[in-house]
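Here is a short briefing for a first look. Start with the structure, then read the points below.

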2 protein chains.
Amino acid sequence: MPREITAYSNPLIKRVRLLREKRHRREEGLFLAEGLRILTEAREAGRIPQYLFFARDSAAHPLVQALVADVEAAGGEAIETVPDILSKLSGKDNPQAVVGVFPEFTRDLASLDRSSAAIWLVAERLRDPGNLGTILRTGDAVGAGGLILIGECVDPFSVEAVRASMGALFTVPVVQCEWAEFTQWLRSGPGQLVGLSLDTDSDYRAASYTAPTFLLTGNEAQGMPDAYAAQCDLLVKIPMLGKADSLNAAVATAVMAYEVLAQSRGT
Amino acid sequence: MPREITAYSNPLIKRVRLLREKRHRREEGLFLAEGLRILTEAREAGRIPQYLFFARDSAAHPLVQALVADVEAAGGEAIETVPDILSKLSGKDNPQAVVGVFPEFTRDLASLDRSSAAIWLVAERLRDPGNLGTILRTGDAVGAGGLILIGECVDPFSVEAVRASMGALFTVPVVQCEWAEFTQWLRSGPGQLVGLSLDTDSDYRAASYTAPTFLLTGNEAQGMPDAYAAQCDLLVKIPMLGKADSLNAAVATAVMAYEVLAQSRGT
């Protein structure tokens with residue numbers, strides 16, 4: 001039976017609210033995800049929240065009932081609460097019907113099977129959580145094997161990244177590592193490292209990609225360091241016909257990833 | 001000579017801060033843009049702020065000096081201020097060196113020359129300012145003739161949209177209108193209306209686009225209404241290989257726009 005919490009002062013509510021901050025996520029090893037669509041995606045991927053908060057109004061919704069049943073079966077706790085508290089937890093004025101608290105999950109490079117996918121996404125020093133989440137969402141769509149985050153990237157478990165991923169955080173493996181570790185692992189097997197660059201004449205549509213292709217996207221403001229570009233097997237550019245010299249990082253990644261996908265499918 | 005403002009209580013500071021709200025933007029016919037990169041982009045496009053706020057530290061920067069000179073020559077006002085006030089104006093902890101207040105500019109359909117570009121972007125009921133700005137940025141990159149916003153879209157002059165556009169708001173014409181006006185204008189001349197849809201078997205890479213192509217992107221959560229889809233000359237889908245059934249709206253628009261661009265350039 002779900003218990004009910006209606007007071008802000010409840011210690012669990014206070015604790016869960018703090019998970020909006022990275023420091024507390026790291027201390028607790030827990031993160032927040034919100035919304036029926038994302039939590040259902042998580043459930044289908046076998047990720048069950050440790051705590052599930054749901055609004056009384058949505059208690060009868062079959063997807064909420066399925067979530068509650070799974071949480072309780074897995075030894076977690078389902079908690080009925082009020083919209084105001086859901087707002088506080090999610091930091092949004094129009095709260096979602098459900099908020100889940102999940103254990104963080106980490107993967108390492110050694111656990112990846114590079115032959116399992118034609119496309120892998122690699123991002124270095126990505127700063128915007130919306131970009132990170134959007135890249136994960138695109139990764140899911142193109143069947144990417146995973147997203148490898150290099151160096152000081154924004155936290156993939158931040159509320160904004162989870163939200164922008166629309167559930168892809170639960171379906172696309174994420175690894176965080178340093179450049180040296182990544183290149184050592186990459187060069188221990190087959191793999192074409194393709195970097196997006198302004199300093200090349202190779203149009204991304206004219207280049208040939210060979211699976212598994214690792215698509216490297218650099219920092220939003222600075223692009224990738226020259227030393228990283230030098231280690232790429234191929235540098236390509238996306239045509240820029242206007243005044244600006246770059247695309248949004250998530251957009252550039254998607255345009256590249258769909259070209260690699262099209263080539264791998266022969267379309 | 002720039003005057004100096006260092007007090008939050010200054011009436012102009014109060015007035016400018018209110019431009020973060022849509023209601024005040026409409027009342028004043030003014031909006032905010034921040035950062036040297038975006039303001040320089042605006043300047044190159046011939047858009048000069050009515051008020052320019054800059055930090056004392058950056059007064060010696062040649063781009064700031066060029067902006068100050070242009071603002072004063074155009075009868076606007078350049079104001080030296082302190083980082084704390086720039087933070088207040090931009091709503092960010094790390095303020096940009098410059099914040100500009102610009103008159104809003106509007107375009108109507110009749111002012112667009114459809115033969116001037118191969119690609120035009122059309123978005124209906126777009127809700128996220130980051131998506132709107134990112135679509136403008138992509139529009140600049142693919143040489144789009146403009147962005148046509150249909151129905152209740154987020155305000156293109158919101159701080160977040162301007163920021164995400166990275167200056168493209170100043171270089172890509174934006175028109176706001178209703179669906180009926182748009183279709184009446186569209187059908188008064190040549191133009192292929194292409195809609196992104198889940199309910200079609202036509203892969204976006206297999207379709208043929210004929211200039212001028214109008215790419216229609218629907219609302220983030222709901223896609224486009226059936227009645228709009230029925231009026232498209234062509235419906236296409238982007239392959240989705242994962243668990244999710246849609247891409248981010250700005251990503252989908254970019255993947256489509258770059259395919260149309262590639263076809264129009266024969267690559």
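**Core and contacts**

Setting aside neighbours within four places in sequence, A:A257 is in contact with A:I119, A:L121, A:T138, A:V142, A:A144 and A:L215. The model is predicted. Its scores are ipTM 0.94 and pTM 0.95.

The nonpolar core
- The largest nonpolar core holds 173 residues.
- Within that core, A:A257 and B:A257 touch the most other members.
- In soluble globular proteins, nonpolar side chains tend to be buried together.

How the chains relate

A closer look at B:G195
- B:G195 sits in strand β9 of chain B, which covers residues 192-196.
- Is B:G195 buried or exposed?
- B:G195 counts as buried because it has 26 C-beta neighbours inside 10 Å, and the cut-off for buried is 20 or more.
- Leaving out neighbours within four places in sequence, B:G195 is in contact with B:L216, B:M224, B:Y228, B:A229, B:C232 and B:L235.
- B:L132 lies 63 residues from B:G195 in sequence, and the two are 17 Å apart in space, C-alpha to C-alpha.

Confidence
- Chain A has a mean pLDDT of 94.
- In chain A, 99% of residues reach a pLDDT of 70 or more.
- Where pLDDT is low, the predicted coordinates should not be read in detail.

Note on methods
Residues numbered from 1 in each chain as written. Chains lettered and ligands numbered in written order. Predicted model: local features only at pLDDT ≥ 70, side-chain atom pairs only at ≥ 80, totals over all residues. Core = buried A, V, L, I, M, F, W, Y, C linked by C-beta atoms within 7 Å. Buried ≥ 20, exposed ≤ 12 C-beta atoms within 10 Å, placed from the backbone. Contact = placed C-beta atoms within 7 Å. pLDDT = per-residue confidence, 0-100. Helix = DSSP H or I, 4+ residues; strand = E, 2+ residues; numbered from the N terminus.
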